[in-house]
Structure formats: structure tokens, C-alpha cells
Amino acid sequence: MTPDVRDRIDRPPRVGSAPSPISEDTWRRALELIARTDEIALACHVSPDGDALGSMLATGFALRSMGKRVVASFGDRPFEVPRLLRYLPGQDMLVPPQDYPAAPELMMTFDSPSAERLGMIEPSLAAAREVIVVDHHPSNTGFGTLGLVDPGAAATTMLAEQLIYRLGGTLDRDIATCLYTGLVTDTGSFRHSSTSPAAHQMAARMVATGLRTDEIARELWDRSPFGYLKVLAAALDRVVLRDGLVWTYVTRVDRAAYGLPYSEIEGIIDIVRRTDEAEVAVVLKEDDEGAWQVSTRSKGTADVGSLCAAMGGGGHRNAAGFTSHESVDDTIGAIRRLLGKV
């Protein structure tokens, strides 16, 4: 961070429009746990998005600058960073789940509303001596031993930035790249209702480090392999609109026909949700293990965060997800029944 920008930050920045639910005592205890631990294990949710991976790696950089040993992971098999996020720095911190510490002295989780969202790493959570949870989901279940959880934050990276400042860290371009990525992905490039003045102020701090925001935007939204167009066409060909709900699905057979990895199809929900006649959009994506990863979006009337929590997942009021091991028809049937209750 340039000196003139850093000098204007005389206290950790606010992350939301309302007073933070995180007390100063909670922050103090988190800093004490970090200070007395030599090796810290970081984890984020399965199928990581920009906010999950960005907040984890940014914090990892800050911890390494303090002389801490850092290991980071997410519980997917196969263990693979989504192509859209491979520009993020700090991926040398990542290890596959099988190499993750079985019983960390201190574990920190990022952007995960529940223990189940850690996938293959969940057993390490149960065995960890202390667990600091850094998250902004209203559906957070309260797991862990210490929660840095603020639903008023537009992204978990806003909390990670505050943690970095409280640790005595400063921004450099690598940290800013990770934090900015999480901020723009979770706010939908500042289009979502969660976007606050604090989010724009944070973006200004990131840009002041010299980020090429145009290059980040190109990596996130303006690139895809040709096979994505074919798979998207198949998904749109089977799309259904009924009673204010629009949905479709993508099978692993669809993807295999074009050698398309699972991580490439996340953006399909952003096309389906544009449907004017639908209040809620759903895309079911079959992963490599045969489970359905379900993405949901709402235009505001329906609370899909509560819906997904009832299905074992979580998220926000207008954007959430869960994993289903039932058929497409049974999963959609359950969603339709729950929509009458949320």
C-alpha cells in the first residue's frame, strides 16, 4: 500500500452500514490465538469462489509476513483451483486435503457458513484445538470456537481486510488482488443489494495499490473455453419456467463431451436468473462424484438462504446453495415445496 493511503487508515475500516456484531473482546481473543500459534491451518468452502479463496489467501499472506507457517486448502476431490481464479497469487500455500493437518492447533475457516461446507477437511475441524471462523453469511451455524462473523459485510474479504490491519499488516498488490477479487465477485461487480459505502471505500483502497482492475475483470467474466458455449446451450435447451421458478441442470455427461471441468459452469446461474418472469432461479450442476451442486438466486421476495439452509446448505437471502444426492425432479420438488414457506 502506498504510504499516503495507509496513513489515512487510523483504525480498522468498518465493513457494514450497521454496528458490527463482532465485539472488541472477540477480536482481541482472535489476535491472541494467532500470536501464540506458530503454524496456522486455513480452509475455505468446497468449490471455492473468489470470496472464499481470496479471503483465505490474503490472510495467508499477512500471517506469513508475521513469520507464521501457513497451510491452506479446501475439501474438494479432485483438488483443483477453478480456472477463473488461477491468476490469484499465493497458491503455493495450497495443499490437497489429504496433506492437510489432521488436528491443527489453530484452524481458520473462510466464507463457510457451516462445517459441512468444508467437505473433506471437516474431520480436521472436529479435531482442531481452536477454530476461528471468518464469515459473512447470515446462515452461519455458529460452529468453531471463535466467530468473526458479520452478516452486514458485503464479502468475507471485508472481514479479512480488517483482520489484516488488526494484525499490524499492510496492503501490497498481492493481498489487494485477493481481497478485491472477493469483493467484486460477492457484490456482483457492486450490483447486488449487499453493496455498501464501505464496500466502495474498500475497493478504493485496493485500487490505490496499483491493481489492474481491467485485467481482473477479464479473468473473472470475459473468458471461457469454447466447450462452455456448448454446455450452456444444452442447459438452456432444457430450461423450465413454472410458477415464478426457472431452473435447469448440467450433467457430468454434458461436460465430459467437451472436456469441461466442473469449475467452468458456475456462471450459468447468472444467465438463467435474468428471466423476467421468474422470482427464483435454480441451476443443478452434477459434480464429478455424481452429486448435484445446487445454485439458487432470488430477486428479493423469496429467501433462498433459508431455503438452502433447510436443505443442508446456506448462503444469503438472494444467493445460496446446497448439495443434493436426490434426482433432479426430487430436488426441484423439494425446492418448490420450500418456496411456499420462505
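In the predicted model, Ala281 has Arg297 of strand 9 as its bridge partner. This pair belongs to the antiparallel arrangement of strand 8 (residues 280-286) and strand 9 (residues 292-298), which are joined by seven bridges. Both strands are part of an open sheet of six strands with mixed pairing, in the order 6-7-8-9-11-10. Strand 6 (240-242) and strand 10 (314-315) form the edges of this sheet, each pairing on one side only. Helix 13 (residues 328-339) packs on the sheet and touches strand 6, strand 7 (245-250), strand 8, strand 9 and strand 11 (319-324). The direction of helix 13 makes about 155° with that of strand 8.

Toward strand 6, strand 7 pairs in the antiparallel sense over three bridges, with Leu241 opposite Val246. The hairpin of strand 6 and strand 7 has two residues between the strands, and in this hairpin Asp243 adopts a positive phi near 55°. Toward strand 8, strand 7 pairs in the parallel sense over six bridges, and Trp247 stands opposite Val282 of strand 8. Strand 7 is mostly covered, as five of its six residues are buried.

Salt bridges were examined next. Side chains of opposite charge can pair when their charged atoms come close. The count for the model comes to 19 salt bridges. One of these joins the side chains of Glu264 and Arg83, with an N to O distance of 2.4 Å. Glu264 is located in the loop between helix 10 (252-256) and helix 11 (268-272), whereas Arg83 is in the loop between strand 2 (69-74) and strand 3 (106-110); the pair therefore ties together parts that are 181 residues apart in sequence. Glu264 counts as buried because its relative accessibility is 8%, under the 20% limit.

Helix 10 contributes to two further pairs. The side chains of Asp254 and Arg238 meet in a salt bridge at 2.8 Å, N to O. Asp254 lies in helix 10 and Arg238 in the loop between helix 9 (226-237) and strand 6, so this pair connects parts 16 residues apart in sequence. With a relative accessibility of 14%, Asp254 counts as buried, while Arg238, at 23%, counts as partly exposed. The second pair consists of Arg252 and Glu286, whose side chains form a salt bridge at 3.2 Å, N to O. Because Arg252 lies in helix 10 and Glu286 in strand 8, the pair ties together parts that are 34 residues apart in sequence. Arg252 is partly exposed at 37% relative accessibility, whereas Glu286 is buried at 11%. Elsewhere, a network of salt bridges links Asp25, Arg28, Arg29 and Glu32.

Helix 3 (residues 50-65) and helix 5 (residues 156-166) pack at an angle of about 10°, with their axes 8 Å apart. Helix 3 is therefore roughly parallel to helix 5, since angles under 35 degrees fall in that class. On the side of helix 3, the contact is made by Asp51, Gly54, Ser55, Ala58, Thr59 and Ala62. Helix 5 contributes Thr156, Thr157, Ala160, Leu163 and Ile164. The residues of the contact of helix 3 with helix 5 divide into five nonpolar, five polar and one charged.

Conventions: Residues are numbered from 1 along each chain as its sequence is written. This is a predicted model: local features need pLDDT of at least 70, side-chain atom pairs count only at pLDDT 80 or more; totals for chains, interfaces and linings use all residues. Side-chain values use heavy atoms; hydrogens and water are left out. Two strands pair if DSSP finds at least two bridges between them. Helices (H or I, at least four residues) and strands (E, at least two) are DSSP runs, numbered from the N terminus. Contact means heavy atoms within 4.5 Å. Axes are lines fitted to C-alpha atoms, for helices over the stretch in contact, and angles run from 0 to 180 degrees between N-to-C directions. A salt bridge is a side-chain nitrogen of Lys or Arg within 4 Å of a carboxyl oxygen of Asp or Glu. Buried means under 20% relative accessible area, exposed over 50%, partly exposed in between (1.4 Å probe, protein chains only). Angles under 35 degrees count as roughly parallel, over 145 as roughly antiparallel, 65 to 115 as roughly perpendicular and the rest as oblique. Ala, Val, Leu, Ile, Met, Phe, Trp, Tyr, Cys and Pro count as nonpolar, Asp, Glu, Lys and Arg as charged, and the others, Gly among them, as polar.
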